[in-house]
Amino acid sequence: MNPLDRYESLVDDVDAFRAACDRPLPSVVRTNEIAATPARVREAFDEAGVAYEAVDWHDGLFRLPDGNPGGNWPYVHGWTHGQEEVSVLPGLALDPQQGERVWDACAAPGSKTTQIADAMADEGTVVANDNNLGRLSALRHNAERLGITNAVVTNQDARNFSMKPLAFDEFDRALVDAPCSCEGTCRKNPDVLDEWTLDHVHAVAGIQKGVLARAVQATRPGGVVVYSTCTFAPEENEAVLDHVLANEGCELVDFDLPVETDPGVTEWDGETYDESVTQAKRIYPHRNDTGGFFCAKLRVGGESEDGVSDGGAADDGEVAA
């Protein structure tokens with residue numbers, strides 16, 4: 001069975017969904033604004049004869065019709081980084097601020113880590129963690145090429161992440177871009193559909209629950225945690241949120257993304273989930289000509305630093321300083 005068959009009841013236009021999943025994914029680069037502005041990247045592409053199309057919902061993203069995002073001098077000089085359009089969304093939802101302490105729990109190979117550091121103007125601290133030592137070499141290479149200096153690289157199992165090596169004991173924000181069954185990447189890697197098994201979905205969901213729970217625990221009251229995957233499976237998305245909502249002090253909050261999205265689902269395969277999971281965002285390939293994705297934003301419960309209970313009354317983007 002093609003695993004995409006499972007999700008036909010969740011999409012509004014099955015034919016468009018399946019057709020989009022069969023098309024190759026456009027090649028995209030993100031501007032590294034630590035080194036260059038989007039306008040300067042456009043000039044550099046013109047000078048180098050690189051064909052490009054600006055992405056209408058993000059000034060710093062460019063589609064490269066000829067592919068090969070690393071085959072030009074702006075990339076070599078650290079002005080751009082190859083990153084799928086939809087992969088930029090968790091960083092936008094996280095909205096990190098200069099001077100904050102941010103944890104990227106599953107960071108390698110570093111696209112989102114470097115995007116976070118860029119948004120922070122390379123100030124504050126980004127702790128980039130991954131449990132795969134080999135993949136961390138790619139993260140370090142990308143951070144160095146892009147001129148990132150505020151990143152600390154750690155090699156731990158995020159489910160049991162220890163703060164002891166750090167000079168602080170909690171984060172302002174955390175990103176859990178979790179390892180998953182990767183169905184949403186089928187446009188660039190069709191093999192994921194052939195290799196897919198339900199057993200793997202169930203196994204990885206257990207890991208996702210552990211990592212997201214630890215991220216909530218490690219983030220200060222009033223802080224923000226973003227959870228994302230590149231899969232359509234509710235077992236790895238809404239079910240993970242439902243588990244953490246029931247077991248940790250946090251709540252889902254509404255947020256905006258600059259693309260078309262569908263809300264999270266509250267029922268799947270005989271299971272029901274907390275109604276608040278509808279505040280999560282599902283991104284389907286046929287809506288924006290991207291890969292498939294899932295993104296949710298949580299606020300950690302308790303008292304914020306100004307003594308006001310963080311019950312969701314503050315504006316979505318606010319985090320106590």
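Buried means a relative accessible area under 20%, exposed means over 50%, and partly exposed lies in between, with a 1.4 Å probe and protein chains only. With those words in hand, here are some close-up views. The model is predicted, so local features need pLDDT of at least 70 and side-chain atom pairs count only at pLDDT 80 or more, while totals for chains, interfaces and linings use all residues. Residues are numbered from 1 along each chain as its sequence is written, and side-chain values use heavy atoms, with hydrogens and water left out.

**View A. C182 and the cysteine sulfurs.**
C182 is partly exposed, at a relative accessible area of 24%. Its closest cysteine sulfur belongs to C180, 4.0 Å away, which is too far for a bond. A disulfide here is a pair of cysteine sulfur atoms within 2.5 Å, and by this rule the count is zero. C295 is in no disulfide either, for the nearest cysteine sulfur, in C230, is 12 Å away. C295 is buried, with 0% relative accessibility.

**View B. Strand 9 and its two partners.**
Helices (H or I, at least four residues) and strands (E, at least two) are DSSP runs, numbered from the N terminus. Strand 9 covers residues 219-229, and ten of its eleven residues are buried, so the rest of the structure largely encloses this strand. Two strands pair if DSSP finds at least two bridges between them. Strand 8 (residues 171-177) pairs with strand 9 in the parallel sense over six bridges, and R173 stands opposite V224 of strand 9. Strand 15 (residues 293-300) runs antiparallel to strand 9, and six bridges join them. Look for T229, whose bridge partner in strand 15 is F294.

**View C. I116 in helix 5.**
Find I116 in helix 5, which spans residues 111-119. I116 is buried, and its relative accessible area is 0%. Contact means heavy atoms within 4.5 Å. Leaving aside neighbours within four places in sequence, I116 is in contact with L94, P96, V102, D104, V126 and L175. Q98 is 18 residues from I116 in sequence, and their C-alpha atoms are 9.9 Å apart.

**View D. T185 in a loop.**
T185 sits in the loop between strand 8 and helix 7 (191-195). Apart from its neighbours within four places in sequence, T185 is in contact with V192 and C230.
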